[in-house]
6 protein chains.
Amino acid sequence: MNLTKSDVLVEALPYIQRFRGRVVVVKYGGAAMTDPDLAALFAQDVVLMRSVGMRPVVVHGGGPQIGELMQRLGMEPEFRQGLRVTDADTLDVARMVLVGKVNRDIVSAINVHGPLAVGLSGEDAGLITASARDPELGYVGDVEAVNPGIIDRLLAEELVPVVATIGTDLEGQAYNINADTAAGAVAEALRAEKLVYLTDVAGVLRDVKNPFTLIPYASADELDKLVADGVLTGGMIPKIASCTQAVRSGVKHAHILDGRVPHALLLEMFTRDGIGTMVSP
Amino acid sequence: MNLTKSDVLVEALPYIQRFRGRVVVVKYGGAAMTDPDLAALFAQDVVLMRSVGMRPVVVHGGGPQIGELMQRLGMEPEFRQGLRVTDADTLDVARMVLVGKVNRDIVSAINVHGPLAVGLSGEDAGLITASARDPELGYVGDVEAVNPGIIDRLLAEELVPVVATIGTDLEGQAYNINADTAAGAVAEALRAEKLVYLTDVAGVLRDVKNPFTLIPYASADELDKLVADGVLTGGMIPKIASCTQAVRSGVKHAHILDGRVPHALLLEMFTRDGIGTMVSP
Amino acid sequence: MNLTKSDVLVEALPYIQRFRGRVVVVKYGGAAMTDPDLAALFAQDVVLMRSVGMRPVVVHGGGPQIGELMQRLGMEPEFRQGLRVTDADTLDVARMVLVGKVNRDIVSAINVHGPLAVGLSGEDAGLITASARDPELGYVGDVEAVNPGIIDRLLAEELVPVVATIGTDLEGQAYNINADTAAGAVAEALRAEKLVYLTDVAGVLRDVKNPFTLIPYASADELDKLVADGVLTGGMIPKIASCTQAVRSGVKHAHILDGRVPHALLLEMFTRDGIGTMVSP
Amino acid sequence: MNLTKSDVLVEALPYIQRFRGRVVVVKYGGAAMTDPDLAALFAQDVVLMRSVGMRPVVVHGGGPQIGELMQRLGMEPEFRQGLRVTDADTLDVARMVLVGKVNRDIVSAINVHGPLAVGLSGEDAGLITASARDPELGYVGDVEAVNPGIIDRLLAEELVPVVATIGTDLEGQAYNINADTAAGAVAEALRAEKLVYLTDVAGVLRDVKNPFTLIPYASADELDKLVADGVLTGGMIPKIASCTQAVRSGVKHAHILDGRVPHALLLEMFTRDGIGTMVSP
Amino acid sequence: MNLTKSDVLVEALPYIQRFRGRVVVVKYGGAAMTDPDLAALFAQDVVLMRSVGMRPVVVHGGGPQIGELMQRLGMEPEFRQGLRVTDADTLDVARMVLVGKVNRDIVSAINVHGPLAVGLSGEDAGLITASARDPELGYVGDVEAVNPGIIDRLLAEELVPVVATIGTDLEGQAYNINADTAAGAVAEALRAEKLVYLTDVAGVLRDVKNPFTLIPYASADELDKLVADGVLTGGMIPKIASCTQAVRSGVKHAHILDGRVPHALLLEMFTRDGIGTMVSP
Amino acid sequence: MNLTKSDVLVEALPYIQRFRGRVVVVKYGGAAMTDPDLAALFAQDVVLMRSVGMRPVVVHGGGPQIGELMQRLGMEPEFRQGLRVTDADTLDVARMVLVGKVNRDIVSAINVHGPLAVGLSGEDAGLITASARDPELGYVGDVEAVNPGIIDRLLAEELVPVVATIGTDLEGQAYNINADTAAGAVAEALRAEKLVYLTDVAGVLRDVKNPFTLIPYASADELDKLVADGVLTGGMIPKIASCTQAVRSGVKHAHILDGRVPHALLLEMFTRDGIGTMVSP
């Protein structure tokens with residue numbers, strides 16, 4: 001109905017004004033990446049955000065796809081301390097898959113709408129400097145520093161950077177980096193308006209089995225307390241840690257969204273209530 | 001519903017991109033001006049359009065308000081050829097009402113949202129050069145030329161010009177100008193994207209008594225033919241003439257909207273179907 | 001005589017250099033406004049000042065003209081504490097006269113020389129924020145703040161702003177403001193080089209009946225002392241207060257000139273001796 | 001000897017001035033890419049060229065490396081008309097190797113000297129639009145258009161673009177492109193000063209077995225005649241065709257150099273005699 | 001009288017506006033150069049012209065001063081065809097006197113008012129390219145080309161170029177150039193508003209013995225005719241030729257003024273009647 | 001040999017990058033100025049330095065040439081305290097020789113390569129303000145202040161300033177200034193990268209008779225100590241004082257080079273070892 005339309009518009013336009021020129025770092029993964037329909041809607045959302053002047057940056061990993069190629073090559077994964085050991089050959093495979101396949105697929109999906117996206121690896125122009133986490137784990141790296149110059153330049157040209165999370169040390173040795181952590185570090189370095197995690201859950205839930213226990217808003221301190229009290233547990237912990245770290249380091253808000261909802265990004269950006277969980281400093 | 005919201009957003013965002021930086025001249029009058037609630041919504045629409053980067057320009061007349069003050073002053077209106085004769089005293093009254101009252105009220109309504117609007121008369125910085133239409137009619141003027149420099153400058157500063165249609169000749173003599181015509185001339189001079197007439201009808205109707213006969217889209221030639229064939233008649237003729245003249249002189253589209261519909265401007269700008277009648281070259 | 005001409009030029013050119021790009025706020029009123037010949041010379045002076053790169057700003061009131069229209073409308077002025085009470089209807093009349101008549105006449109007189117002047121009300125783009133002086137007096141306002149952005153922008157475009165002293169509060173309610181005070185506040189906000197009052201006296205006189213007692217130069221402290229000592233009295237006191245306030249708030253010099261002298265502004269600006277009284281910090 | 005040093009400097013400095021700001025497209029391959037020592041010297045040359053204001057662009061293929069991974073994956077190469085058929089799986093492998101391995105290695109070698117290089121695929125920001133050469137060959141593409149915007153932007157930021165020659169059609173389908181041809185098309189689109197092929201021969205030789213028959217300078221017409229006359233034959237033909245095409249389309253000079261000579265690029269750029277074969281329009 | 005002052009100001013200010021930013025080339029010589037009082041007034045005029053935004057360029061010769069030093073050095077002047085032969089030693093002397101003495105004295109006189117003037121020789125930055133007029137005359141040169149870049153740059157910095165008329169050929173050989181001719185060539189190259197010759201006569205006189213026969217205004221064609229008819233003769237002919245040549249090549253007006261009149265430049269620039277003779281195209 | 005060439009290039013290119021845009025003040029004199037072949041090589045070096053983006057500034061004196069002209073004029077030099085007394089006539093001669101002859105010859109030698117050099121005197125645009133050293137010595141001046149504006153402007157236009165060291169006081173009186181001292185003051189005022197003295201010795205020698213005792217590098221403190229200890233003596237002392245003063249006032253390095261070595265400047269700038277003595281803070 002027309003009346004409804006003007007309500008949505010009156011609600012959305014001030015957000016469009018407020019977010020114009022602001023950087024939003026989106027950690028992309030899960031169903032939104034593997035389901036072709038959702039992937040196409042995600043690409044459309046990114047293009048629409050950019051069309052009204054926002055500056056989206058996409059950060060992604062690709063663990064399952066790496067495993068798949070290793071399997072085709074007959075490589076045997078080795079684990080220590082519960083983490084996959086990354087030797088030179090494994091790193092080569094990881095880099096080929098992340099930079100040469102997953103990154104390319106995201107760039108292609110966006111560029112169906114026009115010549116907008118540019119794929120980056122953390123190795124480009126010194127974007128992500130990394131160091132070995134533990135000699136026993138091989139080329140598994142931690143973020144030492146983010147030099148966001150190349151992203152700033154692409155954003156200034158109204159392009160959409162898509163970042164594969166391979167880092168490099170000063171001697172040129174590459175490392176595989178956890179994408180959740182890298183997304184937070186990139187958002188901090190860019191002093192982003194928002195850091196958004198697209199996940200396969202509805203947001204932060206007090207009871208992971210009950211979607212009605214969604215926490216729509218929380219401060220970093222509140223989340224810390226919920227973790228300390230043992231209310232929040234499991235796989236969500238690392239993402240929560242990245243969120244609280246980011247909002248304490250200059251990012252305005254961090255979000256954990258349900259990437260299975262079509263147009264989850266648009267709804268979060270341009271409606272009053274948003275979806276998922278929003279973390280404030 | 002969230003899903004509906006994302007539909008409206010996916011529909012609206014491309015228009016927001018397309019119209020960014022574009023000039024829209026709105027001839028303001030009728031119920032949208034005299035009904036206080038509609039006037040407040042109009043001011044909100046203008047502010048929202050500006051907030052997403054459009055450049056609205058408001059042009060207005062004020063015949064009824066002029067008549068009212070003349071009556072309070074005991075002045076007797078005189079008519080020749082069906083037009084009101086404007087002697088020096090009448091011109092003074094018209095100028096005071098248009099520039100010192102109607103224009104001020106519109107500026108105030110917009111500026112409730114921030115220091116955005118600036119009132120202008122066609123006399124400012126040579127905006128509207130006029131000449132006498134007919135000596136018998138006194139200071140009733142026709143537009144000779146529009147020098148849009150001052151409007152361009154205010155738009156470049158992201159301000160909203162509100163124009164009262166008093167013109168002046170090179171000797172500094174003021175004239176009262178028809179606001180519908182002046183709006184068209186201003187839109188041409190600004191090479192506006194759109195010229196919008198807010199009226200008290202649903203748009204151009206084949207049968208003025210039947211709202212189901214609304215003509216949603218028409219070319220200038222089609223409208224000319226409908227007028228020539230006697231299908232369109234009456235008070236709509238001058239507005240139609242201004243619309244066809246404008247789109248033939250560089251304005252992309254002209255619109256005749258129903259100003260009685262709340263948020264008529266927003267619906268026209270940001271939805272696929274729009275409302276009222278759209279005239280193309 | 002040629003020799004005399006070169007003397008005048010050698011004297012004037014350094015002032016032209018010194019004042020280039022500087023803002024001069026002129027409070028316009030009295031005989032210079034009501035005598036048509038002097039009004040035309042004033043307009044010429046403003047245009048000449050601008051032609052050599054100065055940035056004149058004209059501020060005006062219009063008490064007598066307001067009273068005249070009230071009388072035509074049969075409105076009975078009401079006084080409390082010696083001040084005219086301004087109800088909503090009186091404010092409407094004041095605004096129509098100041099913005100729609102007096103302001104327009106000044107703009108027209110200047111624009112005979114080219115499309116140079118732009119009329120402003122204190123309501124435009126948040127120029128003058130006002131508050132009620134006293135509930136008993138109705139819409140008589142005091143200046144709360146001056147936001148000189150719109151004037152700066154017009155000056156940057158080499159236009160001449162002409163300001164009617166209607167202010168507005170944050171809810172959009174208009175107020176009538178004393179023009180002498182407003183001129184001082186505008187000069188302060190613009191960090192003007194000069195604030196000039198055109199009056200119907202020769203300047204500040206020790207003995208108002210004896211023009212030979214003119215005080216050509218005085219510091220703010222000296223004037224304060226002369227007022228405290230009862231030497232200076234009567235209607236000049238408020239103008240003196242505005243001058244001393246202005247020079248203590250960043251305006252370089254304030255002047256009280258005899259607007260009855262033809263080309264009073266030029267003589268003050270471009271000759272060594274000037275005319276009238278100059279107030280320094 | 002110092003005297004020798006000043007001779008080299010006096011010879012080199014004018015070239016440094018002449019080539020400042022000029023774009024040089026280097027097609028990188030052969031021994032210079034596979035020999036680790038030569039690869040390090042190549043990276044140093046690129047960095048030195050950039051350090052004196054030249055704008056090098058590196059374009060590369062990687063046929064042997066693609067074949068190697070296919071072999072590891074047990075994929076059977078299929079040939080038609082002497083060309084390898086590229087099905088979807090082969091394309092995926094080619095893209096992973098070129099973008100995710102070869103390109104990365106070049107970027108890393110350069111970035112040992114600082115955060116200078118950025119890897120690109122022809123898919124980024126619409127860089128290379130391609131079309132299928134022949135349905136029978138699958139995803140083997142020809143260059144339809146080069147949109148050098150992203151390269152221009154990186155060069156303007158003093159970065160070194162390294163381009164893997166994967167192209168894409170408007171629907172987002174990727175294609176594998178011949179790197180020699182792509183380098184020529186990129187040089188044309190950039191209106192490059194020079195197009196340089198690093199090869200494993202001394203240049204264009206009249207008798208491929210006799211290095212003393214090197215042709216140091218030739219016009220496009222002269223080369224065409226030598227090919228038509230059957231003097232030049234074999235694997236050099238496609239590179240010669242790219243060179244003559246490039247210099248006829250706006251590239252100032254094309255060069256075929258011996259990439260096995262250490263610092264071949266520097267010697268060509270900054271000495272009077274250069275090395276290899278230079279092709280002029 | 002004040003009234004007189006305002007008359008002069010009203011007359012002068014429009015000229016100040018009109019000439020702002022315009023280049024005026026002044027050929028300086030005669031009494032205005034040799035009389036210390038007039039020289040000081042000349043320097044003041046140049047500074048005042050610059051102070052109101054004009055861009056004066058001073059061009060000068062120095063024949064008498066050259067002769068003086070030659071005499072001190074015991075050098076015997078030699079004449080052919082009525083022109084002084086300039087051998088290498090004479091050229092050295094001329095260059096030392098013009099660049100190292102006359103030019104310096106003018107620069108010093110101006111710089112008493114501030115760091116404004118910069119001395120130039122036609123040799124600087126390729127300003128005046130010259131060729132030998134006649135091998136028999138030695139290093140007497142004609143202007144081949146004027147490259148006004150260095151003057152434009154100094155003017156853009158609001159400096160006053162003072163030009164000694166030594167030229168140079170492409171091999172670096174210097175030549176002595178006639179200053180009247182050089183001034184005209186410089187004015188043409190700068191597309192000057194005015195070319196002014198300061199002389200020791202009242203202007204162009206029909207009868208050189210009768211100052212009442214001054215020709216205040218003349219077109220180039222009229223002057224040509226007066227010369228052809230034998231009315232104008234003698235030493236004024238070359239200056240007239242330079243004037244007519246200049247106005248036909250883009251200079252707006254050329255003037256021949258009486259440099260013996262104090263402030264001759266100011267009176268010409270800023271009064272309606274001017275002094276001397278004005279030549280129009 | 002090609003291999004040698006690439007060695008020199010690999011060594012030189014980083015210096016070219018490092019010194020790009022940096023100011024180098026060269027005090028020019030001695031054999032490099034009087035030997036025509038060395039003078040031509042010097043001019044070439046200056047042009048080559050500029051061609052790769054350095055900003056050379058040449059400062060020169062000319063004592064011998066002044067003495068020569070004085071002798072031709074039969075002027076008797078007078079000495080007090082071992083210094084030549086400079087009366088008005090001597091100053092005139094010095095100024096003519098320095099500005100009108102020596103300066104011109106340097107400018108000409110450079111401009112054989114293009115319109116690059118501009119001659120300056122310290123009198124131009126207030127470049128060098130001077131005061132009398134001692135009334136007994138007449139117009140021998142000390143540097144009071146350097147206003148490098150005019151040099152900055154010429155450098156910004158990629159021109160080569162050549163400075164004759166005549167200074168002036170605020171009343172416009174000229175003074176002859178020692179060129180070694182002036183060069184140091186100019187380098188300080190420009191915050192130069194390097195101050196270079198071209199001399200007729202190999203550099204600073206511990207034993208002036210033994211070239212193997214050259215001190216290639218020294219800090220200001222080390223030099224001070226060597227002077228205090230009496231190791232360094234004689235004519236080198238003033239240049240050493242200027243060097244230590246300069247590096248302590250913001251100049252990065254000062255150099256004392258052997259101007260008799262062809263291309264001494266190039267070798268110093270672009271080779272690792274340089275020549276002569278380098279002084280660091």
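Predicted model: local features only at pLDDT ≥ 70, side-chain atom pairs only at ≥ 80, totals over all residues.
Student: What radius of gyration does chain A have, and what would a compact globule have?
Tutor: Start with the length. Chain A has 281 residues, and a compact globule with that number would have a radius of gyration near 19 Å. The C-alpha trace spans about 60 × 50 × 35 Å along its principal axes. The value for chain A agrees with the globule rule: 19 Å.

Student: What share of the residues of chain A count as buried?
Tutor: A residue is buried if 20 or more other C-beta atoms lie within 10 Å of its own. Of the 281 residues of chain A, the share that passes is 54%.

Student: Among contacts in chain A between residues at least 6 apart in sequence, what share joins residues at least 24 apart?
Tutor: Two residues are in contact if their C-beta atoms lie within 7 Å. Take the contacts in chain A between residues at least 6 apart, then keep those at least 24 apart: 73%.

Student: Which kind of axis relates chain D and chain F?
Tutor: A rotation of 180 degrees, with 0.1 Å of shift along its axis, superposes chain D on chain F with an RMSD of 0.1 Å. The two copies are thus related as by a two-fold rotation axis.

Student: Which residue of chain D comes closest to that axis?
Tutor: Compare C-alpha positions. At 3.5 Å from the rotation axis, the closest residue of chain D is Val8(D).

Student: Which helix gives the most to the side of chain D that touches chain F?
Tutor: The contact takes 21 residues from chain D and 21 residues from chain F. In chain D, α1 (2-19), α3 (36-51) and α10 (264-270) each supply at least two residues. With twelve residues, the one that gives the most is α1(D).

Student: Which strand pairs with β13(F) in the antiparallel sense?
Tutor: Strand β11 (residues 194-199) of chain F pairs with β13(F) in the parallel sense, over six bridges. There, Leu195(F) has Ala254(F) as its bridge partner. The antiparallel partner, over three bridges, is β14(F).

Technical notes:
Residues numbered from 1 in each chain as written. Chains lettered and ligands numbered in written order. Least-squares fit on C-alpha atoms with pLDDT ≥ 70 in both. Helix = DSSP H or I, 4+ residues; strand = E, 2+ residues; numbered from the N terminus. Rg over C-alpha atoms; globule rule 2.2 N^0.38 Å. Buried ≥ 20, exposed ≤ 12 C-beta atoms within 10 Å, placed from the backbone. Pairing = 2+ DSSP bridges.
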